[in-house]
Amino acid sequence: MRILLYGGSFNPPHLGHIRSVQTAAAALKPDKIYLIPASFPPHKPLPAGTPAQLHRLAMTRLAAEDAPGCEVSTVELDRQGPSYTSDTLREMKRQYPGAELVFLMGTDMFLSLETWHEPEVILSDASLAVFARETGREEEIRAQTAHLREKYGARVYLLEGQPVTVSSTQIRALLPRRRGREWLSDGVYGHIIRYRLYGARPEFDWLREKAYAYLKPKRVAHVQGTEAEARKLAARWGEDEADAAEAAIVHDITKKLTLPEQLHLCDKYDIMTDERDIANDKLLHARTGAAFAAELFGIPEHIYQAVRWHTTGRPGMTRLEKIIYLADYIEPNRSGFSGLEELRKAAYEDLDAAMELGLRMSLDDIRSRGEEPFEDTVKAQAWFLERLKERGVRPVPWAAPEQETGER
Ligand code: ATP
């Protein structure tokens, strides 16, 4: 029986790791393969900002899904103190007496093996498999192989294959800049974004693809339009354009859900509902959408609030909240309701005046249909009106038509 063992920080596990283990599996045909996340790597302490062990374990499990036959062992995570490979091999020998243990590693680890704790134990208890991380170090690898064979009687398999020249360190640096996804499996990347590990922020193409999958096809154009408008408004008003885009991309993510589905999410996310909410799912989707996007994509609080209030508005809205409310209202695909052109103009002239107008139009629309207006909207409109008064700004003149035709 042959068992392939692959230890590492896996902080995070990347495609270099996966390629390496796939190559080893194809060449050595092991009966079992274990990825072993280290608890305290003795060589390179885990850097500040390293996620909790549970996250490294979860990510390693997700990465293993891309390498058929791969399992994850918690033998090192379960152990106290530094994660010495020699201790791990002793443990594996106990579990699998008589098996050939093959320890897989990259160039850096192979070349520094003699600095490890108890290298003689490692080399007597296991064979080594080496997969190069880069080209150009073949000579060093050959010399080290000869040296280890001679000094320790080491058994070394040199694996052939195209290196994947990336490290977890590089990926950690890319993630906050909305980059690095191409080096990670989709599952690992999704996990990182969901929990915003490493200060990661989502790549926009990825976020769009994931978020659009929850929309009715006909709503995609609206969401695209809202993103474009939100970016423009953010640029006009000095708001963070990327935050505005993130909020816009997810703002309608639960819009297509039925009332029972909305209520299920309310239950799941502890969202209080009353009869009015239940009677009007327009209100619900903003709340469930914010909570759902937070769970799926780890949107931060200020983006959460922008999604949460995008339908009704509220007193004291932040600049980002105003931008999302207005972008949703005036994006280029909107047409057919009176006041739209006035609102479009106002949104680029005075945000508060535009908000007041938008809220007033919305209240008129609701009242014209004989419905009771939302309390948050009534309060928000009064709040913005007061603000305009304080600032000496006249509200934008607009008269509600007799019969409204368009629909938001
Ligand atoms: P960090 O940048 O945080 O030091 P790393 O990318 O070197 O991380 P580790 O989890 O520390 O990754 O590495 C675990 C094992 O995987 C080591 O044996 C390492 O040599 C090997 N390895 C890492 N990256 C690659 C790669 N791109 N190709 C082949 N092997 C790799």
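Ala64 is buried (under 20% relative accessible area, with over 50% counted as exposed and the range in between as partly exposed, for a 1.4 Å probe and protein chains only), its relative accessible area being 6%. This residue belongs to helix H2 (residues 53–64); helices (H or I, at least four residues) and strands (E, at least two) are DSSP runs numbered from the N terminus. When neighbours within four places in sequence are left aside, Ala64 is in contact with Leu35, Cys70 and Val72, contact meaning heavy atoms within 4.5 Å. Ala64 and Gly187 are separated by 123 residues in sequence, and their C-alpha atoms lie 9.9 Å apart in space.

The structure is a predicted model, in which local features need pLDDT of at least 70 and side-chain atom pairs count only at pLDDT 80 or more, whereas totals for chains, interfaces and linings use all residues. Residues are numbered from 1 along each chain as its sequence is written, and side-chain values use heavy atoms, with hydrogens and water left out.

The chain contains 19 helices and six strands. Along the principal axes, the C-alpha atoms fill a box of roughly 95 × 40 × 35 Å. Of the 408 residues, 52% are buried. Of the contacts between residues at least 6 apart in sequence, 70% join residues at least 24 apart.

Several loops show backbone features of note. The peptide bond joining Asn11 and Pro12 is cis, with omega about 0 degrees, and Pro12 is placed in the loop between strand S1 (2–8) and helix H1 (15–28). In the loop between H1 and strand S2 (32–37), Lys29 has a positive phi near 45 degrees and is exposed at 60% relative accessible area. Arg196, likewise not a glycine, has a positive phi of about 45 degrees. This arginine lies in the loop between helix H8 (186–194) and helix H9 (204–212), and Arg196 is buried, at 17% relative accessibility.

Nine aromatic pairs are found in the whole structure. Rings of Phe, Tyr and Trp (its six-membered ring) pair if their centres lie within 6.5 Å; planes under 30 degrees apart are stacked, over 60 edge-to-face and the rest tilted. Tyr6 and Phe10 form an edge-to-face pair, because their centres are 5.7 Å apart and their planes stand at 70 degrees; both residues are buried. The pair of Tyr214 and Phe292 is also edge-to-face, with centres 5.1 Å apart and planes at 85 degrees. Tyr214 lies in the loop between H9 and helix H10 (217–237) and Phe292 in helix H14 (residues 281–297), so this pair ties together parts that are 78 residues apart in sequence. Tyr214 is partly exposed at 33% relative accessible area, whereas Phe292 is buried at 13%. Tyr189, Trp206 and Phe297 form one aromatic cluster.
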